[in-house]
Amino acid sequence: MPANTLTEMILGFSVILGILAIYTFTLILRTRHARKKLDQKNRD
Amino acid sequence: MLKKPAALVVLDLLSLTLVPVVMLIIIVYTPVEVVMGPVQKVFYFHISAAWAGMVCFILGAVGGAGYLLTRRIRWDWLSSAAIEVGLVFSIITIFSGMIWARPIWNTWWVWDPRLTTTAIMTLIYLAYFILRAGVSTPEAQARLGAVFAILAALTVPLTFFSIRLFRTIHPVVIAPADGAGGAFSMSPRMLNTLLISLLVFTVLLVDLVWRRVRLAQFEFEMTREVE
């Protein structure tokens, strides 16, 4: 019978998808911020 | 203004769709491994993240070599972007491996050759950003970064082959399915899922690297206009 490791599986996927989501989110925020600043400079 | 390329929009949509799809495949389609149980399913993302990280680091070295040969800043954008994304994938590999190891090896961490070389590789690439932050001019950042990226890439084959070169408890995944090298035998469904997962993570890495290159481009345009 397989070992009961469901909790570890859930934890594993949460960590993987969590890190990916956090990185993607910060990347979007950094890009948005840089783009806004660049637009502002272009207008000035 | 720098408009978002249509291909990048397509890649964004593909990544957003394919990651949940492969997750569903892992949960529903792939069988539960007979000894390890459900935690083995982390393996598909663990291997894919390791693959994506190593591809990124090689891409970082290619970008570094491109910069040293041409002195065009675009190569530096590629190099630093790939290394940043590679670092994220390496951190995912380490943490998912630790979570997998806890019930199987009964410990979060052992100083096994594969784990140690992966940790060293990750720390070296972390040092890449510390080095860049310590240099003031963009040209010097790019030049030093390029040399570092090329030298650091030596840790990639060392990490990959560590399980073949040294005695280790880490399974050799790319091996005959007869248990040689500690490999567990993969059923056709497991193998299909692994291949799909590798493909999806490749799409994801291209998407993330491209997005990070765009950010580097914006930052460069900003500093250029200030000057």
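Colleague: How many residues of chain B are in contact with chain A, and which elements of chain B give two or more residues to that side?

Modeller: In this predicted model, 23 residues of chain A meet 30 residues of chain B. The side of chain B that touches chain A divides into 19 nonpolar, 2 polar and 9 charged residues. The elements of chain B giving two or more residues to that side are helix 2, helix 3 and helix 7 (188-226).

Colleague: What is the secondary structure of chain A, and what length does its helix reach from first to last C-alpha?

Modeller: Chain A has 1 helix and 0 strands, and its C-alpha trace spans about 70 × 10 × 5 Å along the principal axes. Helix 1 of chain A covers residues 6-43, which is 38 residues. At 1.5 Å a residue, 56 Å is expected, and the helix comes close to this at 55 Å.

Colleague: Which residues of helix 1 of chain A are buried, and against what do they pack?

Modeller: Of the 44 residues of chain A, 14% count as buried. Those in helix 1 of chain A are Glu8(A), Met9(A), Gly12(A), Ile16(A) and Leu20(A). An α-helix has 3.6 residues a turn, so residues three or four places apart point the same way. The buried residues of helix 1 of chain A pack against two elements of chain B, helix 2 (42-70) and helix 3 (73-105).

Colleague: Which residue just after helix 2 of chain B takes a positive phi?

Modeller: Helix 2 of chain B has 29 residues, and its end C-alpha atoms lie 42 Å apart, in agreement with the 42 Å it should span at 1.5 Å a residue. Just after this helix, a positive phi of about 60 degrees is taken by Arg71(B).

How values were computed:
Residues are numbered from 1 along each chain as its sequence is written. Chains are lettered from A and ligands numbered from 1 in the order in which they are written. This is a predicted model: local features need pLDDT of at least 70, side-chain atom pairs count only at pLDDT 80 or more; totals for chains, interfaces and linings use all residues. Helices (H or I, at least four residues) and strands (E, at least two) are DSSP runs, numbered from the N terminus. A residue is buried if 20 or more other C-beta atoms lie within 10 Å of its own, exposed if 12 or fewer, and partly exposed in between; C-beta atoms are placed from the backbone. The expected span of a helix is 1.5 Å times one less than its number of residues. Two residues are in contact if their C-beta atoms, placed from the backbone, lie within 7 Å. Ala, Val, Leu, Ile, Met, Phe, Trp, Tyr, Cys and Pro count as nonpolar, Asp, Glu, Lys and Arg as charged, and the others, Gly among them, as polar.
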